[in-house]
Number of protein chains: 2
Amino acid sequence: MKGSIPTVPLKMSFALPDWVAPFLADQPPAATDDDRMRLAVELSRLNVERGTGGPFGAVVFAKGAPYPVSVGLNSVVRLKNSALHAEVTALMLAEKALQTFTLNLPTLPVHEIYTSCEPCAMCLGAILWSGVRKVACGAGRDAAHGIGFDEGPVFPESYKYLESKGIEVQFGVLGAEAAAVFDLYKKLSGLVYNG
Amino acid sequence: MKGSIPTVPLKMSFALPDWVAPFLADQPPAATDDDRMRLAVELSRLNVERGTGGPFGAVVFAKGAPYPVSVGLNSVVRLKNSALHAEVTALMLAEKALQTFTLNLPTLPVHEIYTSCEPCAMCLGAILWSGVRKVACGAGRDAAHGIGFDEGPVFPESYKYLESKGIEVQFGVLGAEAAAVFDLYKKLSGLVYNG
């Protein structure tokens, strides 16, 4: 049957928008949970304002370090890829930065993810596999639902599962600020992209 | 603070192993569910035998079409990336092939994913967002657990959630053949990579 089969894609690539690097170069050091979440929320807000994606941002930090290891933005519509949520993107890029498939290594500092919204089912799983030891969430899932974003099959037991694996979960870190970006998104008539 | 911030990665890329294209070029058309699952299982087996990843393969087909739109392999260890499970990889590549963030469009045929093992929590979420209308599973999660792979917070309600969104779920398609690849992986002392 050689030669008769349609070609399938064998590779792919993705990139954050061009505004991300200059934005990060202007950021002050982030010392507290609020500082770190503020960075995730600011990324989500700029993603909406610049028209580069949905209202979701995430950052990965080594515990105690002033600057992030990686950042991620919802890029589903821009990059035509339903898996490129903020958290998945930030985690993939953090593992690239450190050249490891797990951030949970004795040779590395503890890593933590700050996400501007409680993760969807996919991202919650991705957080588990990444080896981060803490997930801090901004806006609640109800706020995402309020503008039409489905979070998928995430249950209280899902978070308990993460905690049973030693992952600390924080809810409502700058929750109001994070949810305000959803209002902005709705106002700007952003495309809500559930499949 | 300009200039003082460590560089974060702004892009990434990934590719399937070199053996995939010639392997696919030799495949017969796949007419039945078993034919399609056989392709996913064969990919999982070759991934183990060639030492390019964990014992998991997935394929995306348009309903009724003889050849896949995309294929995916577990590439976590090879590519140092905890999100590059077989299903996530196949779905990202299917969306690249069709240049869309959802496979569930009136202008497209219905798409279906065949995965050699019941999906983990992350992949189950990714399946939901991709717009496929069916997921067929080979080996059961217990078989994966049996060789040390965690599936994460997947519950009966998780599958019910998919079904409530119109996604058909099939279990145990070539289940024994798929699980046999786990035995092979264990025998070859593959690294089990839970974070």
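Student: In this predicted model, how many of the six residues of strand 2 of chain A are buried?

Tutor: Strand 2 of chain A spans residues 57-62 and is largely enclosed by the rest of the structure. A residue is buried here if 20 or more other C-beta atoms lie within 10 Å of its own. Among the six residues of the strand, the number that are buried is five.

Student: Which strands pair with strand 2 of chain A, and over how many bridges?

Tutor: Strand 3 of chain A, residues 70-73, pairs with strand 2 in the antiparallel sense over four bridges. Strand 4 of chain A, residues 111-117, pairs with strand 2 in the antiparallel sense as well. The pairing of strand 2 with strand 4 has five bridges.

Student: Which residue is the bridge partner of A:Ala58 in strand 4 of chain A?

Tutor: Toward strand 3 of chain A, A:Gly57 stands opposite A:Leu73, and A:Val59 stands opposite A:Val71. In strand 4 of chain A, the partner of A:Ala58 is A:Thr115.

Student: In what order do the five strands of the open sheet in chain A lie?

Tutor: The pairing in this open sheet is mixed. Its edge strands, each pairing on one side only, are strand 3 and strand 6 (168-170) of chain A. Neighbouring strands of the sheet are turned by 15° against each other on average, direction ignored. The order of the strands is 3-2-4-5-6.

Student: What angle does helix 3 of chain A make with strand 3 of chain A?

Tutor: Helix 3, residues 86-98, packs on the sheet and touches strand 2, strand 3 and strand 4 of chain A. The direction of helix 3 makes an angle with that of strand 3 of about 155°.

Student: At about what angle to strand 5 of chain A does helix 7 of chain A run?

Tutor: Helix 7 of chain A covers residues 175-187 and lies across strand 4 and strand 5 (134-139) of chain A. Relative to strand 5, helix 7 runs at about 60°.

Student: How many residues of helix 4 of chain A are buried?

Tutor: Helix 4 of chain A, residues 121-130, is largely enclosed by the rest of the structure. Its buried residues include A:Met122, A:Leu124, A:Ile127 and A:Trp129. The buried count for helix 4 is 10 of the 10.

Student: Which element of chain B do the buried residues of helix 4 of chain A pack against?

Tutor: Within chain A, these buried residues pack against helix 3, strand 4, strand 5 and helix 6 (156-164). In chain B, they pack against helix 4 (121-130).

Student: Which residue follows helix 4 of chain A?

Tutor: The residue has a positive phi, near 90°. The residue that follows helix 4 is A:Gly131.

Student: What rotation superposes chain B on chain A?

Tutor: The shift along the rotation axis is 0.0 Å, and the RMSD is 0.0 Å. The two copies are thus related as by a two-fold rotation axis. The rotation is 180°.

Student: Which element gives the largest share of the side of chain B that touches chain A?

Tutor: In the interface, 62 residues of chain B are in contact with 62 residues of chain A. Elements giving two or more residues to the side of chain B include strand 1 (11-15), helix 1 (20-25) and helix 6 (156-164) of chain B. The residues on this side divide into 39 nonpolar, 16 polar and seven charged. The largest share, eight residues, comes from helix 4 of chain B.

Student: What percentage of the interface residues of chain B are also interface residues in chain A?

Tutor: The copies meet through the same surface, because the interface residues of chain B are also interface residues in chain A at a level of 100%.

Student: Which residue of chain B stands opposite A:Met12?

Tutor: Strand 1 (residues 11-15) of chain A and strand 1 of chain B run antiparallel and are joined by five bridges. In strand 1 of chain B, the residue opposite A:Met12 is B:Phe14.

Student: What radius of gyration does chain A have?

Tutor: For 195 residues, a compact globule would have a radius of gyration near 16 Å, and the value for chain A agrees with this. Along the principal axes, the C-alpha atoms of chain A fill a box of roughly 60 × 45 × 40 Å. The radius of gyration of chain A is 17 Å.

Notes. Residues are numbered from 1 along each chain as its sequence is written. Chains are lettered from A and ligands numbered from 1 in the order in which they are written. This is a predicted model: local features need pLDDT of at least 70, side-chain atom pairs count only at pLDDT 80 or more; totals for chains, interfaces and linings use all residues. The radius of gyration is taken over C-alpha atoms; the globule rule is 2.2 Å times the number of residues to the power 0.38. A residue is buried if 20 or more other C-beta atoms lie within 10 Å of its own, exposed if 12 or fewer, and partly exposed in between; C-beta atoms are placed from the backbone. Two strands pair if DSSP finds at least two bridges between them. Axes are lines fitted to C-alpha atoms, for helices over the stretch in contact, and angles run from 0 to 180 degrees between N-to-C directions. Two residues are in contact if their C-beta atoms, placed from the backbone, lie within 7 Å. Copies are superposed by least squares on the C-alpha atoms of residues with pLDDT of at least 70 in both. Ala, Val, Leu, Ile, Met, Phe, Trp, Tyr, Cys and Pro count as nonpolar, Asp, Glu, Lys and Arg as charged, and the others, Gly among them, as polar.
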